[in-house]
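Subject: Structure for your review

Dear colleague,

I am passing on the structure we spoke of, and below it you will find my notes on what was found in it. Please read them alongside the coordinates.

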Amino acid sequence: MKTDTAAGRGLGSLWLRLSGLALVLLSLALPYRLRWRWAYALNFILNRPRASGALLLKKPSQWLNHALLGVIYFIGIGGSWLAARFLGPKRGPREERTFWRDRGDPGGYDSGMDDQF
Amino acid sequence: MNSPIERRLEAEEVIVLFSGGCDSVLTALRAYDRFQKVHLVTFLRAGLIHTEHVEQQVDRLRHFQGDAQAYTHRFIRTDRLIEFLLYENYLRNLMRHGTRLASHCGLCKLSFHWRTLTLCLEQGVRRVWDGAVRSAKVYPEQNETILLKPLGELYSRYGIRHETPIYEEGLQVEDELFHMGFHKRRKVKGTVFDQQLVCSQQVLFAMFLRWFLPGRSFAEYEAGLAGFYAEKINIIRELTDEWAGARPDRGAARLAAMLEG
Amino acid sequence: MLILGVSFMYHDSAAAILCDGKVVAAAAEERFSRQKHSLEFPEQSIAYCLRECGIEVNDLDFLVFYEKPLLKFERILMTHIDSFPEGFGQFREAMPLWLRWKLFIPELVRRRLGYTGRILFADHHYAHAASSFFASPFDEAAVLTADGVGEWTTLARGAGRGNRVNLTKELRYPHSLGLLYSAVTAFLGFRVNGGEGKVMGLASYGEPRFARVFQEEILDIRDDGSFRLNMDYFLFHKELVMYGPKFVSRFGPPRAPDGPITRRDEDLAASLQSVVEELCVRIARSLQRETRLKRLCVAGGVGLNSKMNRRLIADTDFKEIFIQPAAGDDGGALGAALLLYHQRLGRPRDWVMQNAYLGPECAPADIRRTLQRRRIAHEEFHDPDRLLDRAAHDLAAGRIVGWVQGRMEYGPRALGNRSILADPRASGMKDILNRKVKHREPFRPFAPAVLYEKMGEYFDLEVESPYMLLVADVRPDQRDRLPAITYVDGTARVQSVRREHNPRFHGLLSRFGELTGVPVLLNTSLNTRGQPIACDHHDALECFLNTDMDILVAGDFYITKHPGAGS
């Protein structure tokens, strides 16, 4: 919304004028510091409504985020770890002559540029 | 450090009202070309936030000129001055001028100019520059009829020249800054690259315009505010005269008590 | 056929554009955004590439990304499974980014560019391989790529023939030369993905007394050069730090950033460097035996190790070597585009990288306008020979000259178009430059540019080095004549300049040679510490005004800080 009257053109609707008047009168009724604080809140709500909500929810959403990630990690990653550890093939000690791995058939590679995988 | 920048210097100092925005940045860049000493002054009051933007811009300016001494900079508060301008003879003014008392942007800038005036008188500086632009004429302090001309007259009453180089030359600020290389992008205003002081109370002026502008022509708007601001300037003149005259009476003490560092 | 290759997401974002298989433009995003090693979406470099081609984004036939994000994600998940439960901190930091946008590259690209065409994905190491082989003049060559890690691969080898490149073998994460180097870089207090070159420079001051520790404890090396890292020493696979407590207990406390450099630090750098060189030589020899080819193409971030590169040609049976100048991830953008064009679409090769000047140039009108608007005193030369004469005289008089000419270089080296130049004969020049211009550590060396046809007189180098990616011995009889570019171990990282690749820089070297008898100039990048190399004349002016450079030459414009100086 921002300062929609910045260009100074007529805004038309009566509602807009009356709402402007109401907010002006409210401002005029307030002492100095309180007026600025009221303006700060008004600015935030009118111009950045999502940010206003986000500011209030910042800490709770961080906690929720961490909790969710924790659940994904310990259940998802942990479950896979358990499965790999107890159900996967056992790896014994290796004595390898080389650590080079084959890179696979390049012919199969060409069609793979369509995929992110 | 030596510099290849050709400065056509006048043997004077200048105070530049500096918010960190594009307009005041260009003004500061121009001022460096012209004046021996350039003093950037950023005025603060309750509700102006992101002073770190201003500090970053000052650093950028010094870096841009390749001269760590290119600018002095200070912050000065004007809460008491603007509170005075807002609330002096409140009921009488409310009856007389109604919702014009809610034209906050103009009153705020008037308090900044008032403090600049006293700063000039304190420090013997005779030149003041600010970044007023032609495209912002709805704002009283960037409108020739409402405040710009009266401000010039107020300053000159005390032997100070107030100039608005961007306004006078009709410069396209963003283009200038882009071609000079200060900004890497053509469009900066209103983007994340626009690093300036942020006024969280500008919405009050927007509400005032929303109410006051419709149903009036722009000339009527200008005339309506000009009278209101003329009275404010009278008050400023009266108190400044008393203060500058340093008479040990009630008037001088009043302004002195309102001046902050 | 218009193909745009892009790289971003980790470090060194870039864009490169091909038109019918010829590279029209390529540039790293950091030069535009002024954020060193930028990982951001390369909006400005893409805009530049499109502008250079005179097209809109939807005129492109293809847009190709330099790696396969889902394969990379697989590696990240598998690594977390392996390191469970220790990796939660890293998981918590990384997952939101993946879930928010790294898994949605096509959507991100379309949203940011408004692009509606086809988006393809190159295998990371194939992009590296293609960036080198398809840019090289070789019809067939062995190919070696090495970096921190792509999707899974950290090092790959194979060969290229005609318009095909085939990587046959690889080493996989976490066993990575690049990450080993980065871990030691971090331990020595330098920035990862930026400070590795400093470690290479520091190595020349030390003795490799820890080499055996690396060979016997930290690495498990096979005869064919393949290796494993002993992950007990490292933490990068499960935490947000590179090295672990065992590394610290083995080598002592890590060096603090900007802390004093000790004998231990120098020796550790030397040990690492010697081990990495030996390992790569071993790998290269194995590769050469396998392929029987005499030419080698190198790419990947480890390919920026110019001392290692020198050994690849000096200590193996390879006779020729090509290292594409943007060997790191910025080069992945170019490689992805070339890979698509040749390998996937089967188009023949008819372009060879002649030089690295693929970025934007500064138009004279723009320079003139800026200088006028900023009221910067300058001279405009209309005779190029007079300009070169003047600059050569000023250089010979010991002045430090910023040099901005032509198109910007692609890759991390300044090659005479965005350079700071100085007289290599002045013994104090290295200290003056480090202290007053570059503001960097005193041990950092400076590199020379030399006329290609005179290279052999000054440097012991039998192959061309146009991209400053090979280190060579300075000939013993020349070391006293070139103190500013002769490093503590008698070597220099050389740039050989051919007339047809950069006529103006070649002309300057020639003039300087005529004046002084030495057609060699100290050539360092036009930037100060922490800043990317200058992109345009604005960046050059910023560097010029804020350092003790004496002169800036931007195009035909000559700017002097000390009026009256010069010939």
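How many residues of domain 1 of chain C are in contact with how many residues of domain 3 of chain C? In this model, which is a predicted one, 20 residues of domain 1 of chain C touch 18 residues of domain 3 of chain C. The area buried between these two domains is about 1600 Å², with carbon and sulfur atoms giving 55% of that area. On the side of domain 1 of chain C, the residues that lose the most area to domain 3 of chain C are R31(C), R34(C) and P325(C), which together account for 47% of what that side buries. The centres of the two domains, taken over C-alpha atoms, are separated by 31 Å.

As for the bounds, chain C is divided into domain 1 (2-135 + 324-353), domain 2 (172-323) and domain 3 (359-560).

I also looked at a pair of helices in chain C. The axes of α3(C), residues 69-83, and α4(C), residues 88-102, come within 12 Å and cross at roughly 160°, and the two helices are therefore roughly antiparallel to each other. Their crossing is left-handed. From α3(C) the contact is made by P69(C), K72(C), F73(C), I76(C), L77(C) and H80(C), and from α4(C) by Q90(C), F91(C), M95(C), W98(C) and K102(C). Sorted by class, this contact of α3(C) with α4(C) has seven nonpolar, two polar and two charged residues.

With best regards

Note on methods. Residues are numbered from 1 along each chain as its sequence is written. Chains are lettered from A and ligands numbered from 1 in the order in which they are written. This is a predicted model: local features need pLDDT of at least 70, side-chain atom pairs count only at pLDDT 80 or more; totals for chains, interfaces and linings use all residues. Side-chain values use heavy atoms; hydrogens and water are left out. Axes are lines fitted to C-alpha atoms, for helices over the stretch in contact, and angles run from 0 to 180 degrees between N-to-C directions. Helices (H or I, at least four residues) and strands (E, at least two) are DSSP runs, numbered from the N terminus. Angles under 35 degrees count as roughly parallel, over 145 as roughly antiparallel, 65 to 115 as roughly perpendicular and the rest as oblique. A crossing is left-handed if the near helix is turned anticlockwise from the far one by less than a right angle, and right-handed if clockwise. Contact means heavy atoms within 4.5 Å. Ala, Val, Leu, Ile, Met, Phe, Trp, Tyr, Cys and Pro count as nonpolar, Asp, Glu, Lys and Arg as charged, and the others, Gly among them, as polar. Domain bounds come from an automatic or database domain assignment. Buried area is the accessible area (1.4 Å probe) that two parts lose on being put together, summed over both.
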